[in-house]
Amino acid sequence: MSLGIMFKILRRHALMPALVLFQTALACAILCNVLFLVWQRVQPMVAPSGVAEDELVLIDQMASHVRPWTAAEVRAGELALSHVPGVRSASAALGLPMIGTTIVDYTLQSPHGAKVGVNGYFGVGLVHTLGVDLVAGRDFLPEEYRDFGVSEHSSSLPATSTAEPLIITQSLARQLFGNQPAVGKIVDVPDEPDGHGYMVVGVVRHLMRNQLTLATDGRADDTVLTAKRIGDTSMLSFAVRIDPAMREVALRGIRATIKSQFGDQLVQDFPVKISTYAERRHDALASARAALWLFAGVTLAVIVVTAIGIMGLTGFWVQRRTRHIGIQRALGARRSQVLRYFMLENLLVAGGGVVIGMALAYVANGMLMHYYELPHLPWNYLPIGGALVLLLGQLAVLGPAMRAAEVPPVVATRAV
Amino acid sequence: MRYNLMLAWHGLKRFPRSTVLAVVTVAMGLAATMTTLALLHQLTADPLPGRSSHLYLAWVDTVRAKPTQNQSLNGITVDQRHRIKLRDAEELLHDHRATWQAPMASVFTQFKSDGDKPRKGSDYLLATTSEFLPMLGVSLRSGRSWTPAEDQAHAPVVVIDSEMAVSLYGTTDVLGREFHLGHGVFRIIGVSAPFAPQPHFYDLASFTFGNLRRDQAFVPLRSLLDAGVDLAGDDGCDVDSPKPKTLFTSDPMYCASVSYWVDLPDRAKASDFLAYLQRYLDNQQALVGAGHARPAQLTRVDAWLSQQNVVPDNVRLNAWLAGSFLLLCMANVAGLLAARFLRRSAEIGIRRALGAPQRAIFQQHVFEAAMICLLGGFLALPLTLFGLWTLRLQDSGFTDLATLDPAMFGALFALAFAVGIITGWLPAWRASRIEPGLQVKSA
């Protein structure tokens, strides 16, 4: 049967196909946007962290309300922690992976003017303590570290007149310098007009940022390490690398050390958080997981509702045309031809719906983007969502179409 | 009409399977929409009904500072200035141009009760002046609030709320007891009812939503500073201010660290007050040559809340998602209805042939659709409550507000009814167009 006749039939009984069209269009628009939102949430979950996940213990929320911790106390704590049995190294740090409560925010600018917003981690020996993989250049030298604290004049080093050293990730190196080697290059920080910029001394393979909501669209690795030593501060945190075989011993030792070193000054009702990287990751991604469950529910509901709708409507459509089908069969149409006819018809109607739906998805995303902080829906989500809906339509129509194919030719001779 | 209603009811029972399917579909759509809308409704509700319409945040920018970048590439907004310096607050308080006015700042700090074995705690309390309690309508269970004279004298007095009294002293009968804050000893002169407007609009910088967090006590601002408790956070400090003691505290004399709220009865008074603020700003000799001329601002609660974007984007986004899902469910049900109405073509034909007007057929079928959707509404009620319960399980700081109040309960059924009418319109119209003659002939 030619497409022309098919169109004619569809036009003559426009209500049913129109409703199927409307449903597929809506389903397609919703699915495209939901898929996109799902991917936004999934990306931080699948991005490589770049750190030694099994060996990392993170300590934060060490608040002192009496007076800030002094640089000497911080040093002493670092030293004490690194002597705990089972601990390989410990660094006082500002900004740590998977902890979004303290964020160091930088804007880097390459010599060509490319700007990237990054998160920074401060602390002595973080390359070793976090266990990041250095692929080019070197780690910071001990004499390169400068104190960073509330009163920066406590720094024992004079303010440098040259660029400060900086370690960046491979992804950042690509974004800032393209294919050229990054080591030895200078990047600017427009927020620090008095500074002399930063010189890249090392490149690490991966290091995930701690602003997880921004860890999407290739920005997960937008992280830098700077040569800063934690000076006097009122909020202290540590990264500790342990021997995974001695985890329990090390954790117990760490708790005891924190208590003995800092206990009498800690705010009582504000407990220090000492937990493994895995636990921190679990907590940090909790809201993303909840959102994923929600989106999974929405997707499932949309699929079920659309499938039921298409099945119901096509079923009725087939029933109405039982007699036509009988006549066709009596005139020599094969079962497979009848089956194919209904499948094709659904493809045609759903195809129209999908085209409208893709346009609708795009418009809806544009509107949402205008009002809320939402990235642009990339083009490639549209065909994915569309294909999904077409497949759904074909599966849903299979039942009614098979029933249509079972109609015996003899029906043509009977009155319905 | 009653006959049409009856027919509609019979129609429902004729195809129980498709009726159940339609009811369940509508219920799912309604429940999803109502869950998100109920949360949105709670989050956008007026924080202080009856009062918030004449409360304004007053702001004058007298901080002499280097201009800072407004927004980083990481989406962290630095420029959310709304607080003023204590010095300005005291000048404004002295002039007393509004009905009520008070500077304020929420402070998270440690405190303890009196006695040999004091109970300790740390939580938010509000540093403010005498007019805060009457201005925002904090009700007192016993005792009194403090007076402007006590503000002047830096009197160490405090008003705590009843829940804090119970947790710290074991009783609400605490008037005259001692309350230790910083290195000061404060006397409790009043016990208030817990005061937790949603959101915490008068100081959004410390926290926004949540039943768990609230300002548990009210302390005179100057006495709190005298006791060595620092205010947390500021909107910028003078360039020549001394170095802060810690990263997170600020000196209110040099830093903009208090919010200044005023109560003004009408718009005319409000514009007078704004003019006064601007005059005050123009007279600041110290600002001459500082190089910035940001005008004074007076922002009402509703404008303030929308400007600060307190409702999380996710909540609105989910409401849109749920709304479009409801639309899909409606399209689905419209299809189911069309199918079942047209199956009945023969009867409709007979009814028409016997003299029923098109209007009656239309009415019968719209009623049937509305009934299905109202049934869906009943089913959606437990589903909505379930959805809100799962929302409350998630800890996002604001989700404990996810409850269904009477207004939203009514809205659920109103929505169900509207959905029924809209959904039924097209199928019912199609059914009413059926030609009587043709159907009778073929039947």
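Biologist: How do helix 2 and helix 13 of chain B lie to each other?
Modeller: In this predicted model, helix 2 of chain B and helix 13 of chain B are oblique to each other. They pack at an angle of about 140 degrees, and angles over 145 would count as roughly antiparallel.

Biologist: How far apart are the axes of those two helices?
Modeller: The axes of helix 2 (residues 16-43) and helix 13 (residues 406-432) of chain B are 10 Å apart. Helix 2 of chain B passes helix 13 of chain B in a right-handed crossing.

Biologist: Which residues make the contact?
Modeller: From helix 2 of chain B, V26(B), L30(B), M34(B), L37(B), A38(B) and H41(B). Helix 13 of chain B brings M408(B), L412(B), L415(B), A416(B) and V419(B). By class, that contact has 10 nonpolar residues, 1 polar and no charged.

Biologist: Switching to chain A. Where is F342(A), and is it buried or exposed?
Modeller: F342(A) sits in helix 10 (residues 335-371) of chain A. F342(A) is buried, because 22 other C-beta atoms lie within 10 Å and the cut-off for buried is 20 or more.

Biologist: What is F342(A) in contact with?
Modeller: Neighbours within four places in sequence aside, F342(A) is in contact with T314(A), V318(A), V397(A), P400(A), A401(A) and A404(A).

Biologist: And which domains does chain A have?
Modeller: The domain assignment gives domain 1 (3-45 + 287-413) and domain 2 (66-265). Their C-alpha centres lie 52 Å apart.

Biologist: How many residues does each domain put into the contact?
Modeller: Domain 1 of chain A gives 4 residues and domain 2 of chain A gives 5. On the domain 1 side, 2 are nonpolar, 2 are polar and none is charged.

Notes:
Residues are numbered from 1 along each chain as its sequence is written. Chains are lettered from A and ligands numbered from 1 in the order in which they are written. This is a predicted model: local features need pLDDT of at least 70, side-chain atom pairs count only at pLDDT 80 or more; totals for chains, interfaces and linings use all residues. Domain bounds come from an automatic or database domain assignment. Two residues are in contact if their C-beta atoms, placed from the backbone, lie within 7 Å. Ala, Val, Leu, Ile, Met, Phe, Trp, Tyr, Cys and Pro count as nonpolar, Asp, Glu, Lys and Arg as charged, and the others, Gly among them, as polar. Axes are lines fitted to C-alpha atoms, for helices over the stretch in contact, and angles run from 0 to 180 degrees between N-to-C directions. Helices (H or I, at least four residues) and strands (E, at least two) are DSSP runs, numbered from the N terminus. Angles under 35 degrees count as roughly parallel, over 145 as roughly antiparallel, 65 to 115 as roughly perpendicular and the rest as oblique. A crossing is left-handed if the near helix is turned anticlockwise from the far one by less than a right angle, and right-handed if clockwise. A residue is buried if 20 or more other C-beta atoms lie within 10 Å of its own, exposed if 12 or fewer, and partly exposed in between; C-beta atoms are placed from the backbone.
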